[in-house]
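Here is a friendly walk through one protein model. Have the fold in view as you read.

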Amino acid sequence: MATEATKSTTTRGAPVARSYWHITWRRFRGHRLGMVGLCVVAVLFLVAFLSPILANEQPILCRFDGGFYYPAVVDLIHQVPGTSLIIQKQRPYRLATFDFKREFDPERGDWALWTPVRYGPREIAAEPLAGPSSRHWLGTDQSGRDVLSRMVHGTVVSMKVGFLSMGIAVILGLVFGCIAGYAGGIADLVISRFIEVVQCFPAFFLILAVLAWFPPSIENVMIVIGLTRWVGIARFARGEILRIRETDYALAARSLGVRPAQLVLRHLLPNALAPVLVSVTFGIAVSILIEAGLSWLGFGVQPPDASWGTILRSGYENLFTAGHMIPPACVAIFLAVLSFNLVGDTLRDVIDPRLQAERA
């Protein structure tokens, strides 16, 4: 019976070899909920990356005092790590005391191309606790800052925490999982028992206990979440390495004298990544939820910086006078967590051969 990898043919009738990930992507596209979740994740990622030109107190492009400037575009470029050392914002826009809106003078010939939301996440733009209006679509918080601008920049925090914290977890999990799965013996025993000990502690309370010793900051939140979320990835990696280390191609590579490190990195690990990616996807959703909870409790992002958790906390503190801040933050957290879970569920379905056999 022809396999799925050889069903497609060229115009001349010759079969086209398709990679495992190509087949996985084709299966993934057949799941509507998974594609919806992936689209929402893509939108969140774009909003986070494009936040400087979506919500900013400085314009995208402007003419000011006879010169042309693009401060919001420079902020967008600075989203790429290291670019701030190469490209710097021009004076006077890089000065903390400079207020373009106050210095703007149309009679002098000044003009500006504004961002869709003309307010920065820290800018005091209007009266405190103002309701939604044409100027402030989601109203303002207790300090008079635009809620929509803070929601946009809060997306940056959620995406950064989700991806960077799980990046730390992936590195630790793959290292310990590969060592335990390939070396076996005493190394496997020690690492497996350590994983079981870490799993005995509730993750959220363990994070709270660790953060109690450090000043609240987004960097500490990412590091601590990464250091507590690696055990699941290590278990998946260990199980996959144990399964495939005795396969024919692994035994052939070992008989040819391939070094253990090269064998693991080039032959075993790439074939063990599929279930790890599923765990990472679910882990990003959990990390976003943990960050929101920590910020709500005061252990995460600190005012005046914006995050969905701090916005939710502000809405809760002013529940009876300005409840308009609660729904946007709740909807954003719900959509982000749901979308990553949908992607993870679909990815698990399309890479599990047993589920594929049941569907067939």
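## Overall fold

In the protein chain, 64% of the contacts (heavy atoms within 4.5 Å) between residues at least 6 apart in sequence join residues at least 24 apart. This is a predicted model, where local features need pLDDT of at least 70, side-chain atom pairs count only at pLDDT 80 or more, and totals for chains, interfaces and linings use all residues. Residues are numbered from 1 along each chain as its sequence is written, and side-chain values use heavy atoms, leaving out hydrogens and water.

The protein chain holds 16 helices and 3 strands, taken as DSSP runs numbered from the N terminus (helices H or I, at least four residues; strands E, at least two). Its C-alpha trace spans about 80 × 60 × 40 Å along the principal axes. Of its 360 residues, 43% count as buried, where buried means under 20% relative accessible area, exposed over 50% and partly exposed in between (1.4 Å probe, protein chains only).

## A helix pair

Now look at helix 7 (residues 185-199) and helix 10 (residues 230-244): their axes come within 10 Å and cross at roughly 145°. These axes are lines fitted to C-alpha atoms over the stretch in contact, with angles from 0 to 180 degrees between N-to-C directions. On the helix 7 side the meeting residues include Phe194, Ile195 and Val198, and on the helix 10 side they include Trp230, Val231 and Ala234.

## A buried serine

Ser314 lies in helix 14 (residues 308-317). Ser314 counts as buried because its relative accessibility is 11%. Leaving aside residues up to four places away in sequence, Ser314 touches Gln142 and Met325.
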